[in-house]
Amino acid sequence: MNDQRKIFIRLAIVLIGLIFIIKLFAIQVLSDNYERAAEGNILQRIIEYPYRGLIYDRHGELLVVNNPIYDLMIVPMEVKLKDTLEFCRLFRIDRETFIQKYEEARNYSVIKPSIFIKQISNEDFARIQDKMIDFTGFYISARSVREYPHTSLANALGYVGEINKSQLDKDTTDFYRMGDYIGISGIEATYETALRGKRGVKWKMVNVRGVEKGSFKNGQNDTLSVPGLDLISTIDLDIQQYAEKLLDGKVGSLVALEPSTGEVLSIVSAPFYDPNMLSGREFSNNFKILSSDTLVPLFNRPIMAMYPPGSMFKTVQSLIALQEGVLNPDELIYSDGRLIGDLAPNGYYDLREGIQYSSNNYFYRVFRRVINQGADPNPFIDARIGLNKWREFVTKFGLGEAPDIDLPNPKSGYMPSVAYYDRIYGEKRWKFSNIYSLSIGQGETLVTPLQMANLASIIANRGFYYAPHIIKSIGETGSPDSIYMVRNYVGIDSIHFIPVIEGMERVIRNGSGRRAYLPDIPVVGKTSTVENPHGYDHSGFMAFAPKDDPKIAIAVYVENSGWGARAAASIASLVMEKYLTGDVKRKWLEDYALKGEFIY
Amino acid sequence: MRRDASITNNLDWLTLFIYGILVITGWLNIYASVYEEGASMSIFDLSLNSGKQLIWIASSLMIFAIVMSIDFKFYESISYLIYGIVIFLLIFVLVFGTKVSGARSWFEIGSFFKVQPSEFAKFATTLAIAKFISQPSFRFNRIPDLVAVFGLMIAPMLLILLQPDPGTALIFMAFIIVFYREGLTPYVLIIGILFVLLFILTLFIDQLYILLGIGLFTAVAIGFAEKTLKRIAAILFIATITVGITLSVDYFQTNILQPHHQKRLKVLINPNSDPLGDGWNVTQSKIAIGSGRIWGKGFLEGTQTKFDFVPEQSTDFIFCTLGEEQGWAGTSFVILLFVILILRILYIAERQKSKFARVYGYGVASVLFIHFTINIGMTIGLFPVIGIPLPFLSYGGSSLWGFSILLFILLKLDAHRMQILIR
């Protein structure tokens, strides 16, 4: 019996030893959870935020800079406050907020730092800096926020904000962390990857009380932060600010392009706001104010607002008819007010006069020739063939398609297709008489101001354009994205532009665009008075100048301001004068535009 | 001359060798757990635990010399005296002892020297029990003998419980293994295990359900068993004992066990229940050991112990430092050493001609085995956190001296085993 017991005792000892070795094998060899937990224990990741890239205007003027701000961090375990009231007074929070924030931080982690108060300004920091020593457990961590020294260009620049959940989920590169800042709209969003730079990470070892114990593995895993790339914008700040001044108090858009490059000289969305409102501590308050404004200042009108092109579209119709060979520019066409409402008097018009007087009935006939070319005896089928051809042309003008501009969410406008009318009327159940309002840029057509500026640019270039863009150089490259170096031809021979441009010149010299006349510089343009079923008509105008060596192409829409000849033409003309001559001599026109009483 | 030769010839060098390795491993790990990077420090620095431990190691060598030079028959003859002195000290410490972390277990002599009499109670009790059992007239089935031998075991336990230091008190249960070897009915062992199981169960399940469970179990057992009166009576007897245990466990828990002990037991089952509170020690201890992987982070390269994530690193949780810096290779090596050492001691015990020496040997093995099981078990989350040292490795003069004396006396007895006449 004793022998059996001896064996039992020995077995028990060996068994315990075996259990230990196996359990240790599981903990030490099989599982790497403990290794990770150990690193989690001692490693503190300190993020070094890179400087976000700066943005300059075309002449080197700074549009966006970084401003240092400070976050107040808390390590709940270390907190020893002698005087909570003093603390609350200094940081301008009440006791309830303090307790609430403290609990939040505690719930997150007792030993890890978390943000207690966000974005303390430079001035506030100076005030509290010396007192920080009394607040054990609180630390200051420096970061930077965007500042817009000129307060211009709000919608195009966009803003930077804390990353949200859905953006985090979309981030497949795993670059962002909760609480990171990301470009949300405008250039800040489209050039986010260039601007953001690369975060640096420093690994610090800490002991159980969170006291730093030096760098981890001599810093071999640490990375330095790499500042974001600086951007040079195509914007001319002078022109931008002047244009904003003119559009102040109005609702509308202005886009000015350099035809020879597609560079955006100025892009205004009115009403606008101070971009500094959406930077720093007051972000959420201001965002609430801006997004509840009924005039939607956050809506980037030049690329997102869609209007019918109106009479400006007659230039496109002319060019298509000429290219199709269905129109002789010198041919006199009798146009009376029988077919469509018109302000132009009855009579014989050639193309130049048709444009000059903006004769609706002339263009009704021109468009009918484009649509009904007699390709099929059946007018229903003939219209289909005609409209298909027409649509191919307008698409090449960048109409009905989203432009390649480097700003987020540009709208495509709308150019109806055969499929569209089939859907509305049924297949082969529509013909020219159903779609004639397209001839004068009304009906189903929709364009954005940017597309009209690009149209002016196409006409200025006599048949091609560079995709409009707002950044001309990313970092040290000195050049924009390659898609902006491609010349896009619209499929109209340059010879056909001559009569159209002559007609548009007459608009300025002796037509509806006389307000845009400049004594020494030949200006070429076209007004639009866009029918608006909801109220006063929208005022539209596009132009370029000088006629033979175009430096600027421009389009302006001013909502509910009546005739294109008034609001839009005045503003566009003043901006062109400022850009081409560096000065505005026509003070009377400036006063007129600033006063903003266009309906009388 | 002859006598000296017999000592060196008959000394069990293997045991001594393992002892040496364990002590040196302990010393190095104590240094590793107090080591701070950057600070210029020496393993010999007397203000550090490692320097002090070196003193304890050196003095243990002196103890070795003293133990070896005393006549081997002397230990048997003064067993009760030593036991009596220790019992006296255990009473004395309750009155004059210094309170350290809530327990009055230390004598403080000057500011440097501290003695924990409960550490010496281990070998003293082993001696007394060996002496008592080795009486020729002793029988385990004689109630007075049984009461007396359990009394020898329980007396120091109770005094240590009064300090209170339930961890150390628990250690004395080790002697049940000795009793079992020497003929105690295994029912005591079974009841002991049952007690522990029910004890843990009552922490998580309402007492009522356990009683219902026992009732059901009894009913089923009677239903299936032979329907003899004797069998049924036995089953009912066991059921009664179980119910008794359950009730007493409940009483023990609510009236004797302090809340933090209860929590420790709960944390053992689920450390995540309170990771920053009572689960902290277990969690951090496992993290430190687990992060060592196969080969460890290297001597002095441990981060968890160095940065104080593991509590009591040089004493009760010394195994963590070993696990972190030497990895699975190191922990398995030390476990293997312990298993070999304990088995060797049992082998030594069994080759004794004197019953006293044999029982003493079993006592040594059992005491070491219980420490080994509980200490390592607690660091890897298999046992509740009970503050007892890992023999030979943990920092501490009293514990190293206590274990050294415990072992050395056995070596001395063993060296003279041939001089014993069989009675």
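This is a predicted model: local features need pLDDT of at least 70, side-chain atom pairs count only at pLDDT 80 or more; totals for chains, interfaces and linings use all residues.

Biologist: Which residues of helix 6 of chain B meet helix 16 of chain B?

Modeller: On the helix 6 side of chain B you've got B:K122, B:T126, B:L127, B:I129, B:A130, B:K131 and B:I133, and they meet B:F356, B:V359, B:Y360, B:G363, B:V364 and B:V367 in helix 16 of chain B. The residues of this contact split into 9 nonpolar, 2 polar and 2 charged. The crossing of helix 6 and helix 16 of chain B is right-handed.

Biologist: Now B:I63. Why is B:I63 called partly exposed?

Modeller: Count its neighbours: B:I63 has 16 C-beta neighbours inside 10 Å. Buried takes 20 or more and exposed takes 12 or fewer, so with 16, B:I63 counts as partly exposed.

Biologist: What does B:I63 touch, leaving out residues up to four places away in sequence?

Modeller: B:I63 sits in helix 3 (residues 49–69) of chain B, and it touches B:W401, B:S404, B:I405 and B:F408. B:I63 and B:W401 are 338 residues apart along the chain, yet their C-alpha atoms are separated by 7.9 Å.

Biologist: Which element of chain B has the lowest mean pLDDT?

Modeller: That's helix 1 (residues 2–10) of chain B, at 63, while helix 15 (residues 318–350) of chain B has the highest, 95. Chain B averages 86, and 91% of the residues score at least 70.

Conventions: Residues are numbered from 1 along each chain as its sequence is written. Chains are lettered from A and ligands numbered from 1 in the order in which they are written. Helices (H or I, at least four residues) and strands (E, at least two) are DSSP runs, numbered from the N terminus. Two residues are in contact if their C-beta atoms, placed from the backbone, lie within 7 Å. A crossing is left-handed if the near helix is turned anticlockwise from the far one by less than a right angle, and right-handed if clockwise. Ala, Val, Leu, Ile, Met, Phe, Trp, Tyr, Cys and Pro count as nonpolar, Asp, Glu, Lys and Arg as charged, and the others, Gly among them, as polar. pLDDT is the predictor's confidence in each residue, from 0 to 100.
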